[in-house]
Amino acid sequence: MIDRYDALIVGGGHGGAQVAAALRQRKFTGTIAIVGDEPDPPYERPPLSKEYLAREKDFERILIRPRSFWMERDVTLRLGQRVTSVAPEIHIVTLQDGSTLGYGTLIWAAGGSPRRLTCSGHHLSGVHSVRNRADVDRMISELPGVTRVVVIGGGYIGLEAAAVLTKLGKPVTVLEAQDRVLARVAGEQLSRFYEAEHRAHGVDIRLNALVDCVVEQDGAAVGVRLGSGEILSCEMIIVGIGIVPSVGPLLNAGAVGGNGVQVDEFCRTSLAGVYAIGDCAAHANSFADGATIRLESVQNANDQASIVAKALTGVPEAYATVPWFWSNQYDLKLQTVGLSTNYDQVVVRGEPASRAFSVIYLRQGRVIALDCVNMVKDYVQGRGLVIEGVAVTPEQLQDRTVSLKEIGLSSASNVKSVLT
C-alpha cells in the first residue's frame, strides 16, 4: 500500500505552505501532505537576500509558521524529497528515491530553480545563487575570506544582495547586461535612481556588461572576465539572472505549458485534479492587459493558494488580485502595485533627490502601476487607481497637495456625473 493524501502539495515555499494553512482554516478535513525538496520546514524567501544574509534574523525567525504548527494542523511534511514524475491518470507521483505517493488533488507549488550561467567556470566554488537557505548559508560561511564580490544581474535579488554585502564592508561590483538596472520591471526613472543610490554607497555598477567566463584557480572562482577582456578579481560571485520554473514533471505528463505550466482563473492545469500556483504558474492576468505571465512574488503565491483552498472547500473564486511587490535596499523601501508592462507615459510624483517619491505608469491615460520609494501613503492610495484603471492627467498626479485618494474620488465622481 502506498501513502495516499486527499491534498498533496508539491513545494514547501510560500504557496505550498499557504495552501495547507488555508485548507485547515477553511475546515478541510481530508489528509494533507507537503513534499519539499529541502530538509527544512516552510520558510520565508525574501529575507534570504536581506535580513538573513545580513545575519539580522536567524532561521527560526523566518519560518512561515512555527515547527509545531504543522503537527497541530495534521499536515504531513515529507522533506528532502523531490517529485520526479506525475501519473495523472492514476493520481500518483514518483519521488527521486523511486517511492510513490497517491493523491486526490495535486497542488503544484514547486517554484523554480536559479538560472545558471552558461559560460565556462559557472560550476566553480565561490559562484552562488540566492534561492534557498543552503545557498545563503554557504555564502555566509565564505564571507570571512572574501575581500571582493561580483554580482551578475541588476534585478531585485542582485541589488538587495549588493546592498547587504556593502553594509557588511565588502566592495561590490554589479554587472548588468542591459543599459540599466531593473530594466525588466521598472521605468528608466527608477532605474537611474537606484543606480545612483548604489554608487553613492560605493557599489561599482557596470551597465551593458557581458560576461565571458568565470576565472578559475585551483577549482575556485577568482574573477570574472568580461567580453571586453577586462578581468574583475573577486572571491565571491552572486548570480541573479532569474529562475527556470520547475514544471518538468507536469509538462512530461502532458500539461499545457512552456515557460511555466498554464493554469486557468481557478489555478487549474490542463491535467484533471492538478492545480498549480506561484512562480511556476502561467496565467492570463487582467493587469497585464490579458497577457499570459508568471508572477514571481510572495503575494501571488499566497493569493493563488487561497484560490485553490476555496475551490477545494466548495467556494470557487476566480483569481483577479492586483499584483504587488516590495524591495528593501539600504534605508529605501520600494513598494510596487500593478504591472508597468507596455506603459506609454510616466509621471514622477515628488523629487527623487528627496529619496521619497513615486513613479506612476499610465497606458492610454489610465493608471496601470506605481513604484513608490519611501512613500507608503502613495502606495496604499494608488492601489485603488490601478484597480479601477483611473483616467487622470499627469498634472493631477504631479500635484503633491492633492492626495491620490482625492484624485480617485474626483475621478469616480466625474464618471458618475457623466453617467447621470
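**Reading loops, helices and sheets in a predicted model**

User: In which loop is I62 found?

Analyst: I62 is found in the loop between β2 and α2 (67–72). Keep in mind that this is a predicted model.

User: Is I62 buried or exposed?

Analyst: A residue counts as buried when its relative accessible area is under 20%. The relative accessible area of I62 is 0%, so I62 is buried.

User: Which residues is I62 in contact with, leaving aside its neighbours within four places in sequence?

Analyst: With those neighbours set aside, I62 is in contact with Y43, E44, P47, L48, Y52 and K57. Take L48 from that list: I62 and L48 are 14 residues apart in sequence, and their C-alpha atoms are 8.9 Å apart in space.

User: Where does Q81 lie, and what does Q81 touch?

Analyst: Q81 lies in the loop between β3 (75–79) and β4 (83–87). The relative accessible area of Q81 is 17%, so this residue too falls under the 20% limit and is buried. Not counting residues up to four places away in sequence, Q81 touches V35, G36, D37, L95, Q96, D97 and S99.

User: How do I read the pairing of strands, for instance that of β1 with β6 and with β2?

Analyst: Strands of a sheet pair through backbone hydrogen bonds, either parallel or antiparallel. Here β1 (residues 3–10) runs parallel to β6 (residues 100–108), and 7 bridges join the two. Y5 stands opposite Y103 in β6. On β2 (residues 32–36), β1 again has a parallel partner, joined by 4 bridges, and A7 stands opposite I32 in β2.

User: What is the strand order in the open sheet of 5 strands?

Analyst: The order is β22-β23-β26-β25-β24, and the pairing is antiparallel. β22 and β24 (345–349) stand at the edges; each has a single partner strand, so one side of each is left without a neighbour in the sheet. From one strand to the next, the twist averages 15°. Within the sheet, β23 and β26 pair in the antiparallel sense over 5 bridges, and T336 stands opposite D371 in β26.

User: Which helix lies across β22, β23, β24, β25 and β26?

Analyst: Helix α8 (residues 376–388) lies across these strands and runs at about 165° to β26.

User: How is the packing of two helices described, and what are the values for α1 and α7?

Analyst: Two packed helices are described by the angle between their axes and the distance between the axes. For α1 (residues 14–25) and α7 (residues 298–312), the axes come within 8 Å and cross at roughly 35°. This crossing is right-handed. On the α1 side, the contact is made by H14, G15, Q18, V19, A22 and L23. On the α7 side, V298, A301, N302, A305, S306, A309 and L312 take part. By type, the residues of the contact of α1 with α7 divide into 8 nonpolar, 5 polar and no charged.

User: What span should helix α5 have, and how far apart are its end C-alpha atoms?

Analyst: Helix α5 (residues 188–200) has 13 residues and should span 18 Å at 1.5 Å a residue. The end C-alpha atoms of α5 are 18 Å apart, which agrees.

User: Which residues of α5 are buried, and what do they pack against?

Analyst: L190, S191, F193, Y194, E195, E197 and H198 are buried in α5. The buried residues of α5 pack against α4 (156–167), β11 (204–206), β22 (324–329), β23 (332–338), β25 (357–363) and β26 (366–373). A163 lies in helix α4 and counts as buried at 2% relative accessibility. A163 and H201 are 38 residues apart along the chain, with their C-alpha atoms separated by 8.2 Å.

User: What should I make of a positive phi, and which residues have one?

Analyst: Most residues other than glycine have a negative phi. Just after α5, G202 takes a positive phi of about 95°. N208 has a positive phi of about 50° although it is not a glycine. Y330, also a residue other than glycine, has a positive phi near 55°.

User: Where do N208 and Y330 lie, and is each buried or exposed?

Analyst: N208 is found in the loop between β11 and β12 (211–217) and counts as exposed at 53% relative accessibility. Y330 lies in the loop between β22 and β23 and is buried, with a relative accessible area of 16%.

Methods: Residues numbered from 1 in each chain as written. Predicted model: local features only at pLDDT ≥ 70, side-chain atom pairs only at ≥ 80, totals over all residues. Heavy atoms only, no water. Expected span 1.5 Å × (residues − 1). Buried < 20%, exposed > 50% of the residue type's maximum accessible area, 1.4 Å probe, protein only. Contact = heavy atoms within 4.5 Å. Axes fitted to C-alpha atoms, helices over the stretch in contact; angles between N-to-C directions. Left-handed = near helix turned anticlockwise from the far one by under 90°. Nonpolar A, V, L, I, M, F, W, Y, C, P; charged D, E, K, R; others polar. Pairing = 2+ DSSP bridges.
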